[in-house]
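Visitor: I have a new model to look at. Please take me through it.

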Amino acid sequence: AAIEQLATIAGEGVNYLNLSEESARMVADYRDEALKLSAFGAVLILLVLAVALRDLRLTVRVVSPAVAAVLGSAAILSLVGQQLSLFHIAALLLVMGIGIDYALFIARTPANDPRFAATAGSLLLCNLSTLLVFGLLATSNLPVLFAIGMTVAIGTLLSLAFSAMMVRATREGI
């Protein structure tokens with residue numbers, strides 16, 4: 001406060017810059033911008049999927065597990081005391097992409113198709129390798145790597161679980 005007052009008294013040519021406040025404001029602005037762009041990207045992904053799949057019900061079935069995984073990941077991170085940062089948001093975009101990929105593979109191979117077992121096995125292997133890599137990142141002492149690793153590890157596990165639920169719901173005609 002004394003330095004700020006001194007800068008005011010000194011007049012022109014002297015500026016006071018509180019680095020702590022300014023950096024906090026910049027990070028908040030970047031986070032807000034990242035959230036806006038993420039929402040725009042999610043809408044764009046939804047539109048591209050709707051056009052490519054040409055079936056609104058199938059589009060909803062493909063997007064639902066990914067959205068549930070993103071929301072579930074954010075909720076779990078909040079429950080364990082993680083404040084969402086720019087790195088979490090970027091990792092949640094990756095979770096969205098992975099979740100859509102899993103759901104697309106499952107939606108494109110009906111459960112009664114003989115190739116479904118191979119598809120499910122491939123997705124499980126992919127999920128395990130992703131969990132291994134991002135789980136290792138989650139053990140890092142560096143906050144950036146920890147945030148990305150933890151977010152993607154949780155999200156990919158939830159993506160596979162919610163995609164598997166989609167198969168069960170499809171079998172039961174839900």
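**Loop, helices and packing**

Guide: At 76% relative accessibility, Arg 54 counts as exposed (buried is under 20% relative accessible area, exposed over 50% and partly exposed in between, with a 1.4 Å probe and protein chains only).

Visitor: Where does Arg 54 lie?

Guide: In the loop between helix 2 and helix 3. Helices here are DSSP runs of H or I with at least four residues, strands are E runs of at least two, and both are numbered from the N terminus.

Visitor: And what is phi of Arg 54?

Guide: Near 55°, which is a positive value in a residue other than glycine.

Visitor: What kind of model is this, and how are residues numbered?

Guide: It is a predicted model, in which local features need pLDDT of at least 70 and side-chain atom pairs count only at pLDDT 80 or more, while totals for chains, interfaces and linings use all residues. Residues are numbered from 1 along each chain as its sequence is written, and side-chain values use heavy atoms, with hydrogens and water left out.

Visitor: Back up a bit. How many helices and strands are there in the protein chain?

Guide: The protein chain has 6 helices and 0 strands. Along the sequence, the pattern reads α-α-α-α-α-α.

Visitor: What share of the residues counts as buried?

Guide: 30% of the 174 residues in the protein chain.

Visitor: And how much accessible surface?

Guide: About 11,200 Å² for the protein chain, and 69% of that belongs to carbon and sulfur atoms. Areas come from the Shrake-Rupley method with a 1.4 Å probe, and for residues only the protein chains shown count as cover.

Visitor: Now packing. At what angle do helix 2 and helix 3 pack?

Guide: Helix 2 (residues 19-53) and helix 3 pack at about 135°, with axes 9 Å apart. That angle makes helix 2 oblique to helix 3. Under 35 degrees counts as roughly parallel, over 145 as roughly antiparallel, 65 to 115 as roughly perpendicular, and the rest as oblique. Axes are lines fitted to C-alpha atoms, for helices over the stretch in contact, and angles run from 0 to 180 degrees between N-to-C directions.

Visitor: Which residues make that contact?

Guide: On helix 2, Leu 46, Leu 49, Ala 50 and Leu 53; on helix 3, Leu 58, Thr 59, Val 62 and Val 63. Contact means heavy atoms within 4.5 Å. By class, the contact of helix 2 with helix 3 has 7 nonpolar residues, 1 polar and no charged. Ala, Val, Leu, Ile, Met, Phe, Trp, Tyr, Cys and Pro count as nonpolar, Asp, Glu, Lys and Arg as charged, and the others, Gly among them, as polar.

Visitor: Are helix 2 and helix 4 roughly parallel or roughly antiparallel?

Guide: Helix 2 and helix 4 are roughly parallel to each other. Their angle is about 10°, and their axes are 10 Å apart. Residues of helix 2 in this contact include Tyr 30, Arg 31 and Leu 49, and those of helix 4 include Met 96, Ile 100 and Arg 108. The classes in the contact of helix 2 with helix 4 are 13 nonpolar, 1 polar and 2 charged residues.

Visitor: How do helix 4 and helix 5 pack?

Guide: Helix 4 (residues 86-108) and helix 5 (residues 116-137) meet at about 165°, with their axes 10 Å apart. At that angle helix 4 is roughly antiparallel to helix 5. The contact of helix 4 with helix 5 counts 9 nonpolar, 3 polar and no charged residues.

Visitor: Is Ala 66 buried or exposed?

Guide: Buried, because its relative accessibility is 0%. Ala 66 belongs to helix 3 (residues 56-79). Not counting residues up to four places away in sequence, Ala 66 touches Met 96, Gly 99 and Ile 100. From Ala 66 to Leu 158 is 92 residues in sequence and 8.5 Å in space, C-alpha to C-alpha.

Visitor: And what does Ser 159 contact?

Guide: Ala 69, Val 95, Gly 99 and Tyr 102, leaving aside neighbours of Ser 159 within four places in sequence. Ser 159 is in helix 6 (residues 143-171) and is buried, with a relative accessible area of 0%.

Visitor: Last one: where is Leu 128?

Guide: Leu 128 is in helix 5 and is partly exposed at a relative accessible area of 49%.
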